[in-house]
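Open the model in your viewer and keep the selection panel at hand. The tour goes from one selection to the next.

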Amino acid sequence: METATLEPTITKKGFKSEEYFINMGPQHPATHGVLRLLLTIDGEVIKKVEPDLGYIHRSIEKMCESNSYQQIVHLTDRLDYLSSHINNEAVCLCVENALELEVPERVKVIRTILGELTRIASHTLWWGVLGMDVGALTSYFYGFRDREMINDIFEETCGARLTMNYNIPGGLMEDIHPNFVKRVKEFIPHFRSKLPEYDRLLTGNIIFQKRTKGVGVLTKEDAINFGASGPVARASGHSCDVRKYHPYSALDKVNFTEILDTAGDSFARYRVRIAEMWESLDIIEQLIDNIPDGDHKVATNAVIKLPKGDFYQKVETARGEFGVYIISTGTKNPYRVKFRSPGLSNLSLLNHIAVGGKIGDLVATMATIDIVVPDIDR
Amino acid sequence: MGYFSNIYHGIGTLLTGMRVTGKYFLNARKGAITQQYPDNRDTLKMFERFRGEVVMPHDENNEHSCTGCQKCELACPNGSIEIIWDRVIDPETGKKKKAIDQHIYHFGMCTQCGLCVDACPSDAIKWAQNFENSVYDRTQLTRILNKPGSKVRAGVEE
Amino acid sequence: MNSISNIIDWFINTGVLNMAMIALIYLTVFAVLGLFLVLLERKVAAWFQLRIGPNRVGYLGLFQTIADALKLVSKELTGTVKADKFLYNLAPYFVIVTSLMALAVFPFTKDLQAFDINIGIFFLIAISSIGVIGILLGGWSSNNKFALIGAMRSGVQTVSYELSVGLSLLTMVILTGSLQLSEIIEVQKSGWLIVQGHIPAIIAFMIYMISGTAETNRAPFDMVEAESELGAGYHTEYSGMKFAYFFLAEFINMFIIAAIATTIFFGGWLSPFGITDSLPWMGLLWFLAKTFVLVFLMMWFRWTFPRLRVDQLLTLEWKYLLPINLVNLVLMAVIVWLNLTIQI
Ligand code: SF4
Ligand code: SF4
């Protein structure tokens with residue numbers, strides 16, 4: 001990292017002020033993982049934020065080139081681990097599209113339900129951690145309490161709480177657990193009763209509002225220019241929900257509204273996510289009673305060979321648009337795989353929106369951008 | 001007047017927040033969501049699909065159903081499974097037949113993805129639900145799944 | 001020979017030995033009290049957060065805090081290489097000594113008061129502002145930027161909020177006409193001050209609790225150690241016993257802030273409606289009960305509210321608390337002048 005020359009500046013009152021560097025991370029409570037932020041600060045005011053990546057780079061894209069298409073799926077668990085189900089789904093959809101394979105309706109519906117549950121789980125965790133970042137430690141546990149119910153649903157059906165790997169090209173690894181529907185139906189009213197509590201504890205809180213309103217403002221133009229997606233872009237008024245524009249799985253059969261806000265500040269991002277949880281609950285409720293009967297997968301060859309060509313599939317994870325781009329030469333391994341992760345482009349605008357704020361603002365902004373570091377460092 | 005209504009409103013929101021936490025404080029006796037982990041070992045039961053560790057079930061005759069087809073070895077993304085096999089002469093038919101010598105499972109490398117269990121045509125391996133997997137030496141994580149002296153159950157074909 | 005016995009006589013006559021004894025007793029009692037406040041805080045936090053809290057060491061985890069103390073004592077003292085060693089080592093003592101000194105003036109019962117100084121409140125305010133020097137020193141000398149930011153924040157914070165603490169107590173002093181703590185309690189025999197002074201007293205109490213929380217650097221005013229921003233703030237580079245001093249001081253300070261509020265607003269050791277006046281030792285229980293209720297209130301704040309930002313902290317003080325406080329002071333003066341106080 002090059003060091004810029006730091007010129008002492010004379011402010012108009014005659015005081016000498018000096019900028020200095022400070023390393024936030026790679027091990028810092030607010031960076032949510034091994035991300036290093038090189039801050040240039042003047043007193044408390046942030047002059048520049050340089051994210052420094054690479055601390056947990058595992059070259060997953062390169063690994064994919066030597067793995068079969070079934071094996072790639074489980075690697076995407078390790079990207080954005082809070083949306084692992086949706087990531088898996090993206091790869092599976094991409095492979096299925098390339099094979100022109102039509103999966104049963106049942107699979108589509110189950111995938112969508114699980115995807116929305118993943119989104120809620122991710123957002124509850126984000127909510128808890130956001131509270132912790134702005135100093136309200138208690139919200140963390142309330143968020144986890146609700147997330148735990150979803151994790152139980154996942155564990156019972158998929159066999160794991162975080163790295164599910166439940167999707168396979170052609171369907172699902174196993175059929176849903178007999179308790180699945182019952183548990184989801186228990187969860188919906190439970191969470192409906194807890195969400196207003198989230199509002200009472202944090203949303204309405206005057207300190208919280210002061211900490212987030214007008215902090216880290218992202219304009220719609222910048223959101224588009226930086227390639228932001230997900231709740232971050234939607235909070236700036238950029239309508240970009242992949243679920244609306246390119247519905248996949250069973251999302252074309254459900255009614256939901258894309259949550260938009262225009263303020264573009266941290267509080268708008270907060271509001272969008274809270275509202276998205278309500279929407280996700282609605283989506284699940286529409287589908288949970290109508291899971292069609294049928295098989296949980298269609299048979300594929302044991303060795304999947306994609307036809308020659310490029311294939312792209314995008315989905316909406318809890319953080320934004322996740323894309324899978326596969327170039328195939330017709331062999332059993334992909335020639336090249338590229339993941340378009342929402343975290344990287346969302347992080348890239350951090351410098352743009354955090355400059356001029358205080359350290360506390362940076363933490364609040366980081367928390368509402370909601371990055372997951374393994375998603376950025378693939 | 002905005003000044004005072006701000007204060008009034010601000011204090012109101014703070015009290016609302018305190019009501020939420022206060023409610024939980026009063027119900028603290030029954031509300032704990034945390035697990036008392038080592039104490040509840042006896043009652044702690046994982047879900048039956050929980051992926052803890054790959055095991056190979058043996059029946060009472062010390063027989064398993066692994067034919068040595070190596071599908072699991074192929075399916076595994078990270079080479080956690082190694083199958084050492086041999087051709088043995090089937091005593092009944094007198095034909096040569098593939099049989100496993102050792103089904104080696106490197107638990108330390110396994111990502112619990114479940115592809116091997118999914119790939120196995122004869123359901124010879126399955127998931128165990130144990131989760132306390134730490135050991136002091138990682139060589140202990142390399143396990144031979146078929147028990148010594150075991151053989152493939154009759155009738156299980158590749 | 002004669003001169004030595006003279007010196008011994010002098011010691012005995014002037015009570016230096018007694019003083020040392022009392023000081024030792026106070027030290028021990030309050031060190032233990034501080035430790036158990038830590039335990040209380042952890043338990044209370046757990047109950048707010050749907051957890052159980054420490055429950056492994058001893059019955060219901062009661063010895064957890066002793067175990068922690070032993071751990072801290074036996075830990076290696078590390079520090080940064082380029083730290084200013086002298087100041088670095090001095091800082092924890094500033095913090096702990098000032099907070100222990102403040103304890104001397106509290107009247108726990110009618111007779112149990114180590115030092116009945118006639119400027120009691122003034123002494124408390126003065127002492128409580130020395131502690132910040134320790135924090136500043138610690139942050140400055142440990143040669144760590146996070147610690148430095150924390151220390152600077154603490155300086156800003158304490159300088160501002162001291163005003164509010166002082167002014168809100170001054171409001172009450174108008175009512176009592178004395179700075180001496182024992183006398184203040186005497187005045188309250190005809191009704192606790194929060195009742196006597198009604199509206200301005202309640203406003204003063206609220207301001208006092210807010211600024212008192214800020215004085216102790218506790219959430220929502222824990223900018224000084226804001227763990228999600230600064231790691232650990234000013235004590236980032238301290239370990240072992242030196243860290244324990246900071247930690248203990250924080251909890252003793254919390255007790256002090258609550259004890260001041262008890263003495264000034266809630267009648268100190270006086271029982272409500274004089275129900276236990278015949279048993280003077282009950283005063284201690286009343287004092288502690290009232291104090292712990294206030295300590296609990298501060299814990300409740302901490303585990304509910306998000307942290308303020310550093311500029312909002314100053315806005316709160318200079319735009320809200322200070323003007324209200326000044327108006328409140330005048331209001332109180334008018335009320336006392338017109339004899340509108342409520343006397344029971
Ligand atoms: S679970 Fe996955 S990683 Fe583990 S042995 Fe089976 S295929 Fe390999
Ligand atoms: S465990 Fe199953 S897949 Fe693996 S070699 Fe044996 S029979 Fe084949």
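Start with the place where two parts of chain C meet: 18 residues of domain 1 of chain C are in contact with 25 residues of domain 2 of chain C, contact meaning heavy atoms within 4.5 Å. This is a predicted model, in which local features need pLDDT of at least 70 and side-chain atom pairs count only at pLDDT 80 or more, while totals for chains, interfaces and linings use all residues. Residues are numbered from 1 along each chain as its sequence is written, chains are lettered from A and ligands numbered from 1 in the order in which they are written, and side-chain values use heavy atoms, with hydrogens and water left out.

Select residues 1-74 of chain C for domain 1 and 83-337 for domain 2; these bounds come from an automatic or database domain assignment. The C-alpha centres of the two domains lie 20 Å apart.

Next, show the surface. Together the domains bury about 1900 Å², 84% of it on carbon and sulfur atoms. Buried area is the accessible area (1.4 Å probe) that two parts lose on being put together, summed over both.

Now select C:Arg302 and C:Glu41. Their side chains meet in a salt bridge (3.7 Å, N to O). The rule, a side-chain nitrogen of Lys or Arg within 4 Å of a carboxyl oxygen of Asp or Glu, finds two salt bridges across this interface.

Last, select α2 (16-48) and α3 (64-74) of chain C, the elements that give two or more residues to the domain 1 side. Helices (H or I, at least four residues) are DSSP runs, numbered from the N terminus. The most comes from α2(C), with 15 residues.
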